[in-house]
Amino acid sequence: MLYNEPSPLEVKVVTRRFGKPDSEKIDTYLADEGYEAFKKTLTLTPEAIIDELKASSLRGRGGAGFPTGLKWSFVPRNTGKPAYIICNSDESEPGTCKDRLLMENDPHQLIEGMLIAGWTVRSPAGYIFIRGEYRYLIDIVDRAVAEAYERGFLGKNILGSGWDHDIYTHTGAGAYECGEESALLESLEGKRGIPRLKPPFPAVVGAFQCPTILNNCETFSAIPAIFRQGAEWFASLGPPKNGGTRMMCVSGHVNKPGVYELPLGFPLMRLINEVCGGMRNGKKLKAVIPGGSSSPCLRAEECDIGLDFDSIAKAKSMAGSGGIVVLDEDTDIVGLALRTIKFYQHESCGWCIPCREGTTWLKKILERYHGGGGREKDIDLIHEIAKGMFGRTFCALGDAAAMPTYTFIEKFRDEFEAYLQKSRPKQIPELALL
Amino acid sequence: MTFSPALEERFAKLLTSYPAGRTRSAVVPMLLYAQDELGWVSRELIEEVARRTGVTAVQVDEVIGYYSMLRRHPIGKHLVQVCTNICCMVVGGQDLFEHASKTLGVGHKGTTTDGLFTLEEVECMGACSWAPAIQVGYDFHHQVTPERFDRLIEGLRNAEAETRKV
Amino acid sequence: MADLVTFTIDGRQVQAAPRTLLITAAKQAGIEIPAFCYYDGFSLQAACRMCLVEIEKTPKLQVACTTPVTEGMVVRTDSPQVAAARKGMLELLLTNHPLDCPVCDKGGECELQDMVFRYGAGESRFVETKQHVDERQWSPVVFYDKPRCILCYRCVRVCDEGLGVGALGVGDRGSASEIIPNRGDHLECDECGACIDICPVGALTSGTYRYQTRPWEMDHVGTICTFCSNGCKTTLGVRNGEITRANNRDKSGVNGEFLCVKGRYGFDFNHHPERLTAPLVRVNGKLAPASWAQALATVGKKFAEVKQRGGKFGVIGSNHTTNEENYYLQNFARQALGTSNIDHRRTGDVATLIDALHGHAGALATTADLYTTPAALIIGSDLSQQHPFLAWQLRANFRHHQAKVFAITSGPIREDRYAAKTMRAAEGEELTAVESFREHLAQQKSLVILFGDSIKGDAVRKLVAFGDSLGIPVSYVPLVDYSNSRGASDMGVLPDLLPGYHGVREAGLEPGLAYDAILSATDLDALYVVQENPFAKTPLASTGAFVVVQDLFLTETAERADVVLPAASAYEKAGTVTNVCGEVQKLKAGAKTMGAKTDLEIMGLISKEMGVSIGIWKHDTVFAEVRKSVPGYNVALPVVETGGAAPTFPVNGRVPLEDRPDLISSDRNTLFLSGTLGRYSKMLTSVLEYPGKLYGQPVETELEMKEAQNT
Ligand SMILES: Cc1cc2nc3c(=O)[nH]c(=O)nc-3n(C[C@H](O)[C@H](O)[C@H](O)COP(=O)(O)O)c2cc1C
Ligand code: SF4
Ligand code: FES
């Protein structure tokens, strides 16, 4: 089932089967070149597969945009240990709702992508880590996995290759941090989702202390098309080093929010105006959060950019998870900053001091500020605390909390100041001593 | 402890889903699936999961505290979760939560006196493009307006009244 | 050793072994990098972020606690950016800290206080409300105050990695994170209190010490624990002559961080209300208080009289008294009383081992060896319960050096969890079982064998023969029970052996009656018992014997005495003791009990009353004689004087002893029991009576532990 109307401007690669009747069934998939890519890779050496991936310039869709082929090449061979395949379907970054569609509408595409990864490193097993809130998807994916076993794509001696591979679903239970790859691995091992020390990176020491290929659900889902239609074709869809398409999850103040598959580099303003039907109620654009709630926002005048990893990075933000939040002129930035920090405060795993205490302090100040108890010096204080967290936390969640916060202040200081006029100052005790 | 045959089957599968000696991996799924059946995680369940997965009770306890979906107390029959995170918030999620609170007469984590509903304000649930969204149990509802919300609740109340009659 | 790497820190070029962590390398260079979560010997956390430093060519600050030094690395720990980061972390830490230092036990010895003092954040910009959580009691000895907790996870690690108990965990998430006990609302554990000691702040406090005193009001006296044979150093906090706490304040002993529940809490027997403070003399069939002069005169007169008429003496020495006292005691028996009827409760067969090892050099393992020898075999001992520090050493050896641990025991033991191979065998069957380990053991580079009381007499000789047959260097630890069991044996408190395992015949004496024979003899005229409680198990057969008992309490034995002399405890005297591994350590007097005298002084005074001279009764003088005349005890004085443990190597020759395996038996004390003394520790008994169960056997899969080790 689709939740929004597709746009004619979309370039459908990973979503091409969406909307077809029974799109999640293996027969539908097989009738549409399903598992052909995997069959092709069965004839290729691991090196050839990785080279093809590198040539496709596919970059991870989970957040960091790391080149997938390169990542796979880090997995050591002949360690005597098995290698595992992990699909990150924890999808919890505010603004992001695409992995859900991929699993709901085309689970076999994901399975095929994981199979190709599994074959590349001759892995015995793969795990699809699905956030606990997506319970209905576990049933859908489990059914698809069962179908794949029935048709011989999973299990023993797959398609006569002599290679055995199993795929399992694994549920999370409510924790954003478990999307962070090493925290995910801890969670998979039955522990608290506390990130691991890096190095070693998961490619070398990952799931169950073994070498691991860990990618986002959309990343895996893009892989069959690459092997079906060629790396060159895939790379040519987007600008250099940014191959392929991406599922852009648009939310906020546009007329037609929704998830649209567009080539990387697609202009942000065209996305808003043409794909999403423009701003809601004819309002003016104030800002865009281009890559999930942790990415620094762009002011309206900064939005004339293409939606690819490098262009967004040049604008000092990040493409992140592909969650694009469009905000109109009436948006209360202070309220937004507060809600954002509330989220990170709630989701901080609590392991390291700066993130645990920093997010909590920021939340408390912003709550007070938002509630009318703000003081002028709070603006700089918020900025300083966020800056003091940035780059000093154990994992990137701390950065994810800090970046939007200090950016809101830097780019919308006037709104914070205006808030002071609105406020009915509460008496705040000035502590001279500790 | 004994569980339903379906759950036992699920447990059996879980315990063989991970590499040898890695039954600890089953801790989180077992807790969540058991909670789905029992409604909450009791001390007894903690010890049971510890025993079945071969870990210590404190290792299970650690996990329960960490994951926000696992709870140590029973709740209402329907868990109504309203997302107020930014994408929902900017299109009325916060107002929807307040409306829900008024309709149900309880606040965040509150349970209605008839034990039918527990309300919860939650973080992003992966429905941003179809906001504001809520989940009732594991079912998603998109672009929820206050009116739709009320109809949904009324529907559930009526359904409950029906089953009581039978 | 591999080549050193050269790196620059704060403008100085220094060297360190490759892969040394920056925080350690800096310390070696005399530069302190602050840290809460980093703790030498435990797993890395990188959680507190106090150790952030600048490393050239890396844009972000890096944590020194997980970054290894590399050649040419340029590090700054003194830059404004680093200072700002440290100050920032402290300011953040203090945001929810209650700052209740004036009423906090840790005040004055708190690492958080020290850090704020040194690195700033004395001024806070935090004006929001703090979250209060009530303090919780988890056991008779452990209390947790969440708001004070800085989540450094040291307690969790010391319990899991150090003790192998894993009773603590981390609960909840984010700013609500807290330390949790293993049974929901209470602890089931060893109650060792290691978590309290290692806590850098006042989040974990001790049931015995909390709200008692301020640290600076106490004298801190480093001495040796008086309970089991492991010989842990413990620092007594003494106020007004009374011990208020015992802990590992300076971690300078052989035991490092380690202390068990007895070492940390058992000291309270010392000021038990039933402590004897005046001599008792039997008058008209009843024990009545008397003056020291009166009591000593009574004893002296009686002993002299029995000696004169050629009567029969029995002397029973102690497993708790010092080497000097034991040495003096056997002199007293053999010279002042003129008897060879002297013995002590033998809890392990040290003498036979010494004999069996004749011609072997370096075959007695030290406690330090247990941490470095690549393999260990435990026979017949629940090590974590009976010899907790030795168990700690082996576990650390496993964690840090992947030591292979093997065990043959009659029941499950905690070591099973990480052992390379374990086996169950009934007592007495161990030597048959050990054959099935041969192949594994022979593959090891070297091995230490720790054996309990089921290996005695001939079995000891067979075990050594087995060790010899492995073709690798093997060393041994005979597991004896008490703080100076080893010393009692080494000092010749035995009917057939003189100090240093010389046969009595060498001195022209005949072997005397052994422990059992002394008790069962019907014609004993006088029995002299020094800090031992034989009648708890066996009544004295000689109904007419004149019995003199020196002890701390009115034990079953003291109740039967004609004269009871109040003795000082090990916490009240100087002198040396020898631990289970034969290491000599010095006691330091901390507490005082009115009316008690040391056993040494009492013996001296009795001999004076008898009109015989067997030497000055001062510990230093006797120790000098011991060093001179007891083989193996010529230990380096500076080591002992500075609180170190000096290994001893008794004779390397045949020991002319009579095999008496029937006399050897361990009391099988556990963590919470220690012979008679333990009964008088309210803390130990309260822990035993606590409604929560004590720690049982862990269930975590062996594999997981081993897996974790491989990373
Ligand atoms: C706090 C945090 C949360 C994250 N959440 C997710 C997530 O929900 N899904 C995801 O795929 N990646 C998430 N990531 C990124 C992952 O760590 C990892 O980079 C990614 O899954 C790798 O896959 P890719 O290379 O295919 O992008 C998160 C990272 C951080 C730091
Ligand atoms: S930054 Fe620190 S507290 Fe935050 S999620 Fe990462 S490790 Fe946990
Ligand atoms: S010591 Fe390095 S982070 Fe705590």
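Reader: Across the interface of chain B and chain A, how many residue pairs are in polar contact?

Author: This is a predicted model. The rule finds 21 residue pairs in polar contact across the interface of chain B and chain A, with both residues of a pair at pLDDT 80 or more.

Reader: How many salt bridges are there between chain B and chain A?

Author: The count is 3 salt bridges. One of the salt bridges joins the side chains of Arg339(A) and Glu123(B), at 2.9 Å from N to O.

Reader: What area is buried between chain B and chain A?

Author: The size of an interface is often given as the accessible area lost when the parts come together. Here chain B and chain A bury about 4,300 Å², and carbon and sulfur atoms give 58% of that area. On the chain B side, the residues that lose the most area to chain A are Tyr66(B), Ile86(B) and Trp130(B), which together make up 17% of what that side buries. In residues, the contact takes 63 from chain A and 43 from chain B.

Reader: Into which domains is each chain divided?

Author: Chain A is assigned domain 1 (8-236), domain 2 (245-328) and domain 3 (333-432). Chain B has domain 1 (5-66) and domain 2 (78-165), with C-alpha centres 29 Å apart.

Reader: How should I read the pairing of domain 1 and domain 3 in chain A?

Author: Begin with the centres, then turn to the interface. The C-alpha centres of domain 1 of chain A and domain 3 of chain A are separated by 37 Å. Their contact involves 12 residues from domain 1 of chain A and 9 residues from domain 3 of chain A. The two domains bury about 840 Å² between them, 75% of it on carbon and sulfur atoms. Within domain 1 of chain A, Tyr176(A), Glu177(A) and Ile194(A) lose the most area to domain 3 of chain A, together 55% of what that side buries.

Reader: How many salt bridges and polar contacts does the rule find across that interface?

Author: For domain 1 and domain 3 of chain A, the rule finds 0 salt bridges and 1 residue pair in polar contact. By class, the domain 1 side that touches domain 3 has 6 nonpolar, 2 polar and 4 charged residues.

Reader: Which residues come nearest to ligand 1?

Author: Of the 20 residues around ligand 1, the nearest are Gly62(A), Lys71(A), Asn215(A), Asn216(A) and Thr219(A). An oxygen atom of ligand 1 lies 2.7 Å from a backbone N or O atom of Gly62(A). The side chain of Asn215(A) has an N or O atom 2.8 Å from an oxygen atom of ligand 1. Taken alone, ligand 1 exposes 610 Å², and the protein buries 90% of that.

Conventions:
Residues are numbered from 1 along each chain as its sequence is written. Chains are lettered from A and ligands numbered from 1 in the order in which they are written. This is a predicted model: local features need pLDDT of at least 70, side-chain atom pairs count only at pLDDT 80 or more; totals for chains, interfaces and linings use all residues. Side-chain values use heavy atoms; hydrogens and water are left out. Domain bounds come from an automatic or database domain assignment. Contact means heavy atoms within 4.5 Å. Buried area is the accessible area (1.4 Å probe) that two parts lose on being put together, summed over both. A salt bridge is a side-chain nitrogen of Lys or Arg within 4 Å of a carboxyl oxygen of Asp or Glu. A polar contact is a pair of N or O atoms within 3.5 Å; within protein, one must be able to donate a hydrogen and the other to accept it, and residues adjacent in sequence count only if both atoms are side-chain atoms. Ala, Val, Leu, Ile, Met, Phe, Trp, Tyr, Cys and Pro count as nonpolar, Asp, Glu, Lys and Arg as charged, and the others, Gly among them, as polar. A residue is near a molecule or strand if one of its heavy atoms lies within 4 Å of it. Accessible areas come from the Shrake-Rupley method with a 1.4 Å probe; for residues, only the protein chains shown count as cover.
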